[in-house]
Amino acid sequence: MRRSRSGSLRVVSGVALAIALGAVPLAGQEIKVGGQVSFGDDADFGLGPRAQAAVPWVAPGVWVAASFDYFFPDSGLGDPGGDYDYRELNVNVLGDLSIARATNLVPYIGGGANFAWQEVPSGSDEGSDDGSDEGEGSSESLFGLNLVAGFRFPLVGFTPFVELRYELQGGGQLLIAGGILLP
């Protein structure tokens with residue numbers, strides 16, 4: 001039986017997130033949680049939770065943002081069952097840009113790490129004489145870097161956001177994400 005490496009990568013990712021969010025006492029952090037919807041040029045539609053924590057001890061307007069997206073890709077592999085699974089964990093450091101503000105629009109830029117997991121079931125191997133086991137597919141864990149640019153719209157009681165994320169290696173795609181964060 002083939003064992004996936006994604007379990008240990010999930011543990012490492014969870015520890016990294018806990019360290020990033022727990023670096024200062026919670027009383028000193030502004031924490032926002034919510035959800036997001038993502039559209040990627042490769043992985044199609046995804047959705048998942050997002051959390052952001054201010055890290056004012058680094059500099060005013062600096063945030064650590066973590067998100068997990070479960071994507072629903074069209075595999076393009078002749079997979080009528082849609083069993084192709086793709087997930088991402090992103091941990092980014094974001095910095096607000098200081099510009100003259102006529103509105104409550106807050107632009108930001110940043111970068112960070114991208115951890116992606118994909119599982120592709122084996123295709124129908126009828127007539128295949130390569131000796132491969134028909135029941136096994138392939139599972140892969142990927143690591144990459146992100147470049148991020150976006151806007152937050154702080155309102156009373158919630159904060160909508162829209163961002164563009166370019167993934168170098170790892171997920172290797174261009175995404176647009178949007179969502180709402182609650183205080």
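**A buried network of charges**

Author: The side chains of Arg-165 and Glu-163 meet in a salt bridge, with N to O at 3.4 Å; a salt bridge here is a side-chain nitrogen of Lys or Arg within 4 Å of a carboxyl oxygen of Asp or Glu. The model is predicted, and local features need pLDDT of at least 70, while side-chain atom pairs count only at pLDDT 80 or more, and totals for chains, interfaces and linings use all residues. Residues are numbered from 1 along each chain as its sequence is written, and side-chain values use heavy atoms, with hydrogens and water left out.

Arg-165 and Glu-163 are both buried, where buried means under 20% relative accessible area, exposed means over 50%, and partly exposed lies in between, with a 1.4 Å probe and protein chains only. Glu-163 also forms a salt bridge with Arg-50, at 3.1 Å from N to O. That pair links distant parts of the chain, since Arg-50 belongs to strand β2 (residues 44-54) and Glu-163 to strand β7, 113 residues apart; strands (E, at least two residues) and helices (H or I, at least four) are DSSP runs, numbered from the N terminus. Arg-50, like Glu-163, is buried.

Arg-165 has a salt bridge with Glu-88 as well, the closest N and O atoms being 3.7 Å apart. Here again distant parts of the chain are linked, with Glu-88 in strand β4 (residues 85-96) and Arg-165 in strand β7, 77 residues apart, and both residues are buried. Arg-50, Asp-69, Glu-88, Glu-163, Arg-165 and Glu-167 are linked in a network of salt bridges, and a search of the whole structure finds eight salt bridges.

Gln-173 brings a further side chain to Glu-88, through a polar contact of 3.2 Å between the two side chains. A polar contact is a pair of N or O atoms within 3.5 Å; within protein, one must be able to donate a hydrogen and the other to accept it, and residues adjacent in sequence count only if both atoms are side-chain atoms. The side chain of Gln-173 also reaches the backbone nitrogen of Ala-43 at 2.9 Å. Gln-173 is placed in the loop between β7 (159-169) and β8 (174-182), and its relative accessible area of 1% is why it counts as buried. Leaving aside residues up to four places away in sequence, Gln-173 touches several residues, including Phe-71, Tyr-86, Glu-88, Arg-165 and Glu-167, contact meaning heavy atoms within 4.5 Å.
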